[in-house]
Amino acid sequence: MMTASRESVAYQQYEERFMPARREVKRELHEVPAPRRRKKAKVRGAALACLGVVGIVAVYILYCQMQLTQLTAQVSAQTNKLDELTAESVSLSSKQAYSLNMDEIEDYAVKNLGMVKMETSQIEYVELTNPDTITVAQSGVSLDALFAGLARSFSAVVEYIR
């Protein structure tokens, strides 16, 4: 009797029919491409661009602050000049007011305008038959009227509550 073993004919036929033939796989060596550095270059480029934009913005802000400082200094100088001119105007106005002396005005009126001074015979006095009187209208608020108004308001509140 025959025993089943791997060397039997049946086993060999089974392997030929149902098992694919084993092939020897040749391993081929191929070159692995170098890692791409483009992403780092893009990141570096973007970072440099952002850094450049931040730098430009910082320079622009400094420039604007410099202009603001200059304009503030100009405004301060103009304000000081305005204060000085206002003080000078007040001084000149007061000098002008004091320079108009009544004697000079009278002299100018007599010499240049041909005016003459009034004589005492030309002066007339007007006498009133009735003396002037001043009447002050009452405002209508006195201490008695105030108390009366408060009493009326209080009695109206008491009537409302009942």
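1. Lysine 117 is exposed, at a relative accessible area of 63%; exposed means over 50%, buried under 20% and partly exposed in between, with a 1.4 Å probe and protein chains only. This is a predicted model, in which local features need pLDDT of at least 70 and side-chain atom pairs count only at pLDDT 80 or more, while totals for chains, interfaces and linings use all residues. Residues are numbered from 1 along each chain as its sequence is written, and side-chain values use heavy atoms, with hydrogens and water left out.

2. Read from the N terminus, the order of elements is α-α-α-α.

3. Of the 162 residues in the protein, 1% are buried. The accessible surface of the protein is about 17400 Å², by the Shrake-Rupley method with a 1.4 Å probe, where for residues only the protein chains shown count as cover. Carbon and sulfur atoms account for 60% of that surface.

4. The model has two salt bridges, a salt bridge being a side-chain nitrogen of Lys or Arg within 4 Å of a carboxyl oxygen of Asp or Glu. One of them joins the side chains of lysine 117 and glutamate 106, at 3.5 Å from N to O. Lysine 117 sits in the loop between α3 (102-111) and α4 (143-161), and glutamate 106 sits in helix α3, so this pair ties together parts that are 11 residues apart in sequence. Glutamate 106 is partly exposed, with 36% relative accessibility, whereas lysine 117 is exposed.

5. Another salt bridge links the side chains of lysine 111 and aspartate 107, with 3.4 Å from N to O. Both residues belong to helix α3 and are four residues apart, so about one helical turn separates lysine 111 from aspartate 107. Lysine 111 is exposed at 62% relative accessibility, and aspartate 107 is partly exposed at 37%.

6. A nonpolar surface patch is formed by Val53, Val57, Tyr60, Ile61, Tyr63 and Met66, which together have about 600 Å² of accessible area. Patch residues have over 30% relative accessible area and no salt bridge; like charges are joined within 9 Å and nonpolar side chains (Val, Leu, Ile, Met, Phe, Trp, Tyr) within 5 Å. Within this patch, valine 57 lies in helix α2, which covers residues 38-99. With 42% relative accessibility, valine 57 is partly exposed.

Terms used. Helix = DSSP H or I, 4+ residues; strand = E, 2+ residues; numbered from the N terminus.
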